[in-house]
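Subject: Structure handover

Hello,

Here is the structure I promised to pass on. Please open it alongside this message.

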Amino acid sequence: MSQTTLKALRHGLLCLLLSAPAVSAQQWVLTPAQRQALGIELGPAKAAEGLPLDGLPARVMIAPDAAAVVTVPFAGVVAQVLVREGATVRHGEPLARLQSREAMSLAADLAAARSQQRVAAAQAARDRALLAEGIIPAARAQASAAQAEAAAARWRELETAAALAPPAAGAPGLYELRAPVDGRVIERTLLPGAAVEPLAKAFVIARGSQVLVELRVPARHAAALRPGLVVRLADGHQGRLVEAAGAVDPGSQSVPARAIFTDAPLLPGQQLAVTLWLPAPAGAVMVPTSALAEREGGNVVFVADNRGFSAVPVRILAQTVAGQSVVTGVQPGATVVVAGAGALSALPAAGH
């Protein structure tokens, strides 16, 4: 249908309504053709699942009990970085390879310590037998036992160090850093070719697939906060509030709250905006924002029945950036005008 024809049809429709006999106050009665000309579409008023607070500032954090830090056991040079931030890793999976002089001598030190432990243990066993026969004094047996314990302690120490730096195939002194847990790499500090010191932080791995998001909520809503409330990202990922409210920040007049997200593509330090869904009042419904129209100084929604359309005053409680509004005044399940409400509101009601 051309724009000229549509304008003519709308003009004719207005004239028809102005000359139509009264049906009832605030009632609009249209034929199917007239509805089409005005672009009217219908949809249900759904019971509101909550009251959305859109655009709340938030930042991604590491949950204190859900992260494992991988450190460098020996000083060296980074030969290879095998994973990057965001990668999912399994327990024992190689993360990086480093070249180290200490790692090169570790195998020899471990073999020597093992040999010394065996010799000391054998000597301690012989001295215990000689002590039992009364051939040597107790002090000598005690000394050999202490030497055996010291040798065993040194061997265990080097074994532990070797477990922290398992050798990698290739050049001598090349060892691997491996994932201590299943999870997702959320931080990496190593760069190929860089020199690193002992105990330097190399990776941070978040156990499982959970991240913590701290959001700021206007202080006027603090009383409504409770664990379990839904928090949504712009891409649709959904989390749950786990910590609700705290001290009011004087500058922003907001309170902190924290939510846990699972399998969301988020990294620590990331700044974002989220939507928090507060409990909705009884009887509140959600309709497209396009269903709202202004009439006689207030907001109305047009409710359809078998007689026509009625303008029902509503109170707007919240609106989302996705084009949805939570209102009261309309019954859940009612059929309402979701498109063309503005054009319908511009027409006088039958009988006016």
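Below is what was found in it, part by part.

Please keep in mind that this is a predicted model.

**The barrel**

Start with the barrel. Six strands close into it, in the order β4-β13-β16-β15-β14-β17. Their pairing is antiparallel. Neighbouring strands in this sheet are turned by 40 degrees against each other on average, with direction ignored.

The largest nonpolar core has 31 residues. L215, V217, L241 and L276 have the most contacts inside it. Several strands each supply at least two residues of this core: β4 (51–61), β13 (210–218), β14 (230–232), β16 (254–262) and β17 (271–278).

Leaving aside residues up to four places away in sequence, L241 touches L215, L225, R226, P227, G228, L229, V231, A257, R258, A259 and L276.

Another core lies apart from the largest one. This other core has 27 residues, including V72, A113, W155 and A165. As background, nonpolar side chains in soluble globular proteins tend to be buried together.

**Helix α4**

W155 brings us to helix α4, where it is one of the buried residues. The helix covers residues 138–164, which is 27 residues.

The buried residues in α4 are A141, S144, A148, A151, A152, W155, L158 and A161. What covers them includes α3 (101–132).

Next, follow a run of pairings through β8. On one pairing, β8 meets β6 in the antiparallel sense over 4 bridges. There, V81 stands opposite A96 in β8.

Strand β8 (residues 94–99) also pairs with β9, again antiparallel, over 5 bridges. Two positions mark this pairing. L98 stands opposite Y175 in β9. P94 stands opposite R178 in β9.

Strand β9 covers residues 174–178. Since 4 of its 5 residues are buried, β9 is largely enclosed by the rest of the structure.

**Strands β5, β10 and β12**

Strand β12 (residues 201–207) is mostly covered, with 5 of its 7 residues buried. Which strands pair with β12? One is β5, which runs antiparallel to β12 and is joined to it by 5 bridges. In that pairing, V70 stands opposite F203 in β12. Another is β10 (residues 183–188), also antiparallel and joined to β12 by 5 bridges. Here G183 has R207 of β12 as its bridge partner.

**Aromatic pairs**

How many aromatic pairs are there? The count comes to 2.

One is W28 with F302. Their ring centres are 5.2 Å apart and their planes stand at 85 degrees, so the pair is edge-to-face. W28 is in strand β1 (residues 27–28), and F302 is in strand β20 (residues 298–304). The pair therefore ties together parts that are 274 residues apart in sequence. Both W28 and F302 are buried.

The other is F74 with Y175. Their ring centres are 6.0 Å apart and their planes are at 85 degrees, so this pair is edge-to-face. F74 lies in the loop between β5 (67–71) and β6 (76–81), while Y175 lies in strand β9. The pair therefore ties together parts that are 101 residues apart in sequence.

Is F74 buried or exposed? F74 is buried, with a relative accessible area of 10%. Y175 also counts as buried, at 1% relative accessibility.

**One more position in β20**

G298 also sits in strand β20. At 26% relative accessibility, G298 counts as partly exposed. G298 is 65 residues from L233 in sequence. In space, the two are 32 Å apart, C-alpha to C-alpha.

Best wishes

Technical notes: Residues are numbered from 1 along each chain as its sequence is written. This is a predicted model: local features need pLDDT of at least 70, side-chain atom pairs count only at pLDDT 80 or more; totals for chains, interfaces and linings use all residues. Side-chain values use heavy atoms; hydrogens and water are left out. The expected span of a helix is 1.5 Å times one less than its number of residues. Buried means under 20% relative accessible area, exposed over 50%, partly exposed in between (1.4 Å probe, protein chains only). Contact means heavy atoms within 4.5 Å. Two strands pair if DSSP finds at least two bridges between them. A nonpolar core is a set of buried Ala, Val, Leu, Ile, Met, Phe, Trp, Tyr and Cys residues joined through side-chain atoms within 4.5 Å. Axes are lines fitted to C-alpha atoms, for helices over the stretch in contact, and angles run from 0 to 180 degrees between N-to-C directions. Rings of Phe, Tyr and Trp (its six-membered ring) pair if their centres lie within 6.5 Å; planes under 30 degrees apart count as stacked, over 60 as edge-to-face and the rest as tilted.
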